[in-house]
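Here's a quick briefing on how the pieces of this fold sit against one another. Have the structure open while you read.

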Amino acid sequence: VQPARVLLLLAPAGYGKTSFAAQWHDLLKSHGAKLVWLPLDADDCDQSHFLVALLEALQDLLPTEGRGLDASSMPVATLLSVLVTRLRRIDSPVTIFLDDYHFAQTDATESLLAKMLAAKDLVHVKFVLISRSAPRFPISALRLNGELKQIGVSDLSFSDMEAQEFFAGKTAKLTQEQIGALRSEE
């Protein structure tokens, strides 16, 4: 049940990206997968902050001797080196879920992610990008190599039948036209 190297969950707000990813995270966890869930916010668009957040999120997957680093004053190149070294020390596949990835999207942070994806010795590291906007780093090579899967609006949207099933148990009975109108406002 391992994901592609990069799974991109891409849709506007309200489409259930995070809910879908959380359910998938729980499924992978129940199968014993090594996972990291990192909710991002506007502060994470800074390279240093982004790398420190990743390092902190990885703490539980690292041996105890790899913990306890004061990364707050390190330059970006050093932080990236420490992160890559720590990812290399994880000896089995690990999936990193980056929720609200759009908050961290800058050319600088996307360059960091692109470097990690280009590292041949980090192929055991998978990324799930949960975002409102597509990454700006080159994804064509990943797509051509079958290392990128994308789930978008059409995959996350209810069909008319699914919407009808969803509302079937509700006290307010909706007509077929009302359900169609709700779906058309997506």
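This is a predicted model: local features need pLDDT of at least 70, side-chain atom pairs count only at pLDDT 80 or more; totals for chains, interfaces and linings use all residues.

Residues are numbered from 1 along each chain as its sequence is written, and side-chain values use heavy atoms, with hydrogens and water left out. Helices (H or I, at least four residues) and strands (E, at least two) are DSSP runs, numbered from the N terminus.

**α2 against α4**
- Helix α2 covers residues 47–58 and helix α4 residues 107–118; they pack at about 45 degrees, with axes 8 Å apart. Axes here are lines fitted to C-alpha atoms, for helices over the stretch in contact, and angles run from 0 to 180 degrees between N-to-C directions.
- α2 and α4 are therefore oblique to each other; angles under 35 degrees count as roughly parallel, over 145 as roughly antiparallel, 65 to 115 as roughly perpendicular and the rest as oblique.
- On the α2 side you'll find Gln47, Phe50, Leu51 and Leu54, which meet Ala108, Thr109, Leu112 and Met116 of α4. Contact means heavy atoms within 4.5 Å.
- Sorted by class, this contact of α2 with α4 has 6 nonpolar, 2 polar and no charged residues. Ala, Val, Leu, Ile, Met, Phe, Trp, Tyr, Cys and Pro count as nonpolar, Asp, Glu, Lys and Arg as charged, and the others, Gly among them, as polar.

- Helix α3 (residues 76–89) and α4 cross at roughly 35 degrees, and their axes come within 12 Å. That crossing of α3 and α4 is right-handed.
- α3 brings Val76, Leu80, Leu83, Val84 and Leu87 to the contact, while α4 brings Leu112, Lys115 and Met116. The α3 and α4 contact residues split into 7 nonpolar, no polar and 1 charged.
- α2 and α3 have axes 10 Å apart and pack at about 25 degrees, which makes α2 roughly parallel to α3.
- The α2 and α3 crossing is left-handed.
- Residues of α2 that meet α3 include Ser48, Leu55 and Leu58. The contact of α2 with α3 has 11 nonpolar, 2 polar and 1 charged residues.

**The sheet**
- 5 strands make an open sheet with parallel pairing, in the order β2-β3-β4-β1-β5. Two strands pair if DSSP finds at least two bridges between them.
- β2 (34–39) and β5 (148–151) are the edge strands, each pairing on one side only.
- On average, neighbouring strands are turned by 15 degrees against each other, direction ignored.
- Strands β3 (residues 94–99) and β4 (residues 125–131) run parallel and are joined by 6 bridges. Valine 94 sits opposite valine 125 in β4.
- α2 packs on the sheet too, touching β2 and β3, and its direction makes about 140 degrees with that of β2.

**Aromatic pairs**
- There are 2 aromatic pairs in the structure. Rings of Phe, Tyr and Trp (its six-membered ring) pair if their centres lie within 6.5 Å; planes under 30 degrees apart count as stacked, over 60 as edge-to-face and the rest as tilted.
- One of them is edge-to-face: tryptophan 24 with phenylalanine 97, at 6.0 Å centre to centre and 70 degrees between the planes.
- Tryptophan 24 is in helix α1 (residues 17–30) and phenylalanine 97 in strand β3, so the pair ties together parts 73 residues apart in sequence.

Technical notes:
A crossing is left-handed if the near helix is turned anticlockwise from the far one by less than a right angle, and right-handed if clockwise.
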